[in-house]
Amino acid sequence: MRVTLPAPSKPSRTLRAGAAALALTLAVHGAAASDSFAVRGAVVVVAPGQVVENGVVWIENGKVRAVGPDVEVPEGTPVVEHDGYVTPGLVAFGSSDGLEGETFDSTRSMLPAASIADAVNLSHRGFDALCRAGITTVVLSPSVDALAGGSTAVVKTAGNRMLTRDAHFALSFDSAALDRERFPTSYGAAVDELDRLVESGEGRFAAVAGGDLPVLMAVSARHEALRAARWARRHGLRGAVMGGDLTGELADELAAAGLAAVVAPMAPGQPARSLDAMMALNAANVPLALMAGTPAHHPDDLRLTAAMCLREGLARNAAWRMLTAGAARIAGVGGSVGTLAEGRDADLVLWSGDPLELSSTVEAVYVDGVSALGGER
Amino acid sequence: MILAATILALAAPAATQPAGGRTQEPQNDWTVWAAKVHTAAGDTLDGALVQVTGGAIASVTPMAEPPEDVALRAAVLTPGMIDASIRLTAGSRSVEQSSEQVARLSIVDALDPLDEAWAGQARRGVTAGVVCPPDFAVIGGLGAVMRTAGPVDRRLVAEEVCLRGAIGTQPSLGNNMGFGVPGNFYVRRPTTRMGVEWVWRKSLYEAAYSRDDPERAFEGSDVLNRALSGELPVSIQAWTTQDIRTAVFLKEEMAREGFGELDLILDAAAEAWREPDLLVRVGASVVLPPFTPTGRTADGALFPLECPRELHDLGIPIALSAHGDGSPTESLALQAGLAMRGGLPFDAALEAVTIAPARMYGVDDRLGSIEVGKDADLVLWNGTPFEPTSRVVGVLVHGELIVDPRESAADSRDP
């Protein structure tokens, strides 16, 4: 990776040492310069199924101004030369990264008006690990201990930016919501109470029932996913279930309910059945995203999962969709992130090679056009 | 600005994937012939052909020899067994414990139909079960009849088949607060048998009062009133003599007060043999628990093998249960066999695991016997049912072949 001023040239790795020195220079002199630069990559993955060889991404004011093989950038625009892959930043559903203080309320199972955004410290260093793995956008959700935990938030993993503080309405069909010493203690009462609230359209439930606010339903056991899918279908709600290693075994139920699935990534040592379940989701055309977030999941497991699915026969663009545009769509921010299309946030990851090959490494990450890791700009 | 004109689609062509994975419509048309057919509807046929169409029994034709093209055959055919208290739930999460009385909550939303234990029951010839909220609340809600196999969305045979509750120690177990202030969510619940019984009486009285005064209605009062009117059977767990007496007296008290006549089913009533006159007097039905090695059950009740016979001889409707236990030494068929060792005649034992529980819980129009029009829940045996040497070699649930007798044909023997 190197920066040339002004004209692009063939990618090369020979000037790395020099590039570092040049980067320092840029840091000093580039501060007041125009907020415009370009990245030329040997391979640019614009969107799932849209791959450009020797492509250029022109970035202006934190957004993608143009992308393609023949983008002409104005004279004097710095160009970062990269001889590997350039992709959109990955999008994942997180657990508790960046959250501070108590995230569940042990006395109340219903906190429908709460917003997890209020608990986020955007400069929390917990986001760094995600960023280093190429994950630039993450959905934070309330604790699964709450039957109705309130709103999820979508944040960038660098740059202190929150995309939305109202992405989904978080519900928990997970047994964790029942195991506190408070109402409800049973699946039956939980469903009954949620039925009542959706039907009465109380408070935030009106937006849910009206379809304005998608639900994000936490599950772990398969029967919990089944219960959530049935419940959402009964009320005609849109949204996703999140969690569970074997949720994919209910792919048909999710498809019938028109729900998306957010599932745990594959980790080393996980049984083949989990992978089969994930493939079943793809086969049933259930929109799919993965969870990241410490300590439950290693951020690199996103790529591992996509690679394993690829080996099982998943189409490459489907694998990419799961990591980027598809996940962004489930997160409700598909218009901002997940692809490098014109006008989208300039969230870029520069990889040493094909990101779906696990030997490839992250060499630089840009979030909203600003270097978050390793970049020259 | 020039946007890419040539965008390469490097993506591999869409990989061949399994076709949607949609659940295939099960085949549920069959012909079944057996050398002996116990219908549990009063007949035993020496050779009969049962035609199954669309999941239901289309015809039952006496036939000494099997037709050549018959699909399934066995030595003996019985209706699918029904466990009258199957207890396959998600444990304490299948009953709401934030209140002692949660009559309105149905068990249906709190089950795990994907639990492998259901399939295990089906393989042992149990094709349906009565499932109720576990007895951690005093009045735990509404029970249901579920099939043990088949597509998940077609397992439910009937919901709201009974109001479920318990008398005795279970709802009060572990509720003692010890010393000082309550430090636990559950300690407000009754801590004694008397406290448990008080919740029953209070709930039923208040429900009855609310009939004339809508202001007094409360969550579940409508369900309690359906129970008081006799429309909804009341299944009460009562293992021991004193608990059985309490349940019977509760029913009599409600009648005396003019509130109505409870349709009482005593579940797990191991000591029912000790107060048979009371049961005859109030016309209660009895579901018996699984036999134990020691003859003692939960709550220290004494449960001899002769109990089913004694109740049967008095004309008390009885059903047997294995409580959904999946081990071969605890199966429902074995419970029937043990009851027979205690003197219960075969036909009565068969009824106690088929038509009797179906009647108690109001599903005998669909389940419990081999009769035209009923669901094709059938069990094929390689020998005399309930004999420990006999095996279940074939099972149909709602016409779907769950255990294929053709795969166990080598094991079958002539009756």
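This is a predicted model: local features need pLDDT of at least 70, side-chain atom pairs count only at pLDDT 80 or more; totals for chains, interfaces and linings use all residues.
**View 1. Strand β2 of chain A and its partner β5.** Six bridges join β2(A) to β5(A), residues 79–88, and the two strands pair in the parallel sense. Strand β2(A) covers residues 36–47, and eleven of its twelve residues are buried, so the strand is largely enclosed by the rest of the structure.

**View 2. The hairpin of β2 and β3 in chain A.** Strand β3(A), residues 50–60, pairs with β2(A) in the antiparallel sense, over ten bridges. One of the bridge pairs is Val44(A) with Val52(A), the latter in β3(A). Two residues lie between the strands of this hairpin, and Gly49(A) takes a positive phi near 85°. Strands of a sheet pair through backbone hydrogen bonds, either parallel or antiparallel.

**View 3. The open sheet of chain B.** Eight strands of chain B form an open sheet with mixed pairing, in the order β6-β7-β8-β9-β10-β11-β12-β13. At the edges are β6(B), residues 81–83, and β13(B), residues 318–320, each of which pairs on one side only. From one strand to the next, the twist averages 25°. Within the sheet, β10(B), residues 234–237, and β11(B), residues 264–267, run parallel and are joined by four bridges. Ser235(B) has Ile265(B) of β11(B) as its bridge partner.

**View 4. Two helices on the sheet of chain B.** Helix α2(B) packs on the sheet and touches β8(B), β9(B) and β10(B); its direction makes about 115° with that of β9(B). Helix α4(B) also packs on the sheet, where it touches β10(B) and β11(B), and its direction makes about 170° with that of β11(B).

**View 5. The contact of α2 with α4 in chain B.** Two packed helices are described by the angle between their axes and the distance between the axes. Here the axes of α2(B), residues 193–210, and α4(B), residues 241–256, come within 11 Å and cross at roughly 20°. The two helices are therefore roughly parallel to each other, and their crossing is right-handed. On the α2(B) side, the residues that meet α4(B) are Arg193(B), Glu197(B), Trp200(B), Arg201(B), Leu204(B) and Tyr205(B). On the α4(B) side they are Gln242(B), Asp243(B), Thr246(B), Leu250(B), Glu253(B) and Met254(B). Five of the residues in this contact are nonpolar, two are polar and five are charged.

**View 6. Chain B overall.** Chain B has nine helices and 16 strands. Of its 415 residues, 55% are buried.

Terms used: Residues are numbered from 1 along each chain as its sequence is written. Chains are lettered from A and ligands numbered from 1 in the order in which they are written. Side-chain values use heavy atoms; hydrogens and water are left out. Axes are lines fitted to C-alpha atoms, for helices over the stretch in contact, and angles run from 0 to 180 degrees between N-to-C directions. Angles under 35 degrees count as roughly parallel, over 145 as roughly antiparallel, 65 to 115 as roughly perpendicular and the rest as oblique. A crossing is left-handed if the near helix is turned anticlockwise from the far one by less than a right angle, and right-handed if clockwise. Contact means heavy atoms within 4.5 Å. Ala, Val, Leu, Ile, Met, Phe, Trp, Tyr, Cys and Pro count as nonpolar, Asp, Glu, Lys and Arg as charged, and the others, Gly among them, as polar. Two strands pair if DSSP finds at least two bridges between them. Buried means under 20% relative accessible area, exposed over 50%, partly exposed in between (1.4 Å probe, protein chains only).
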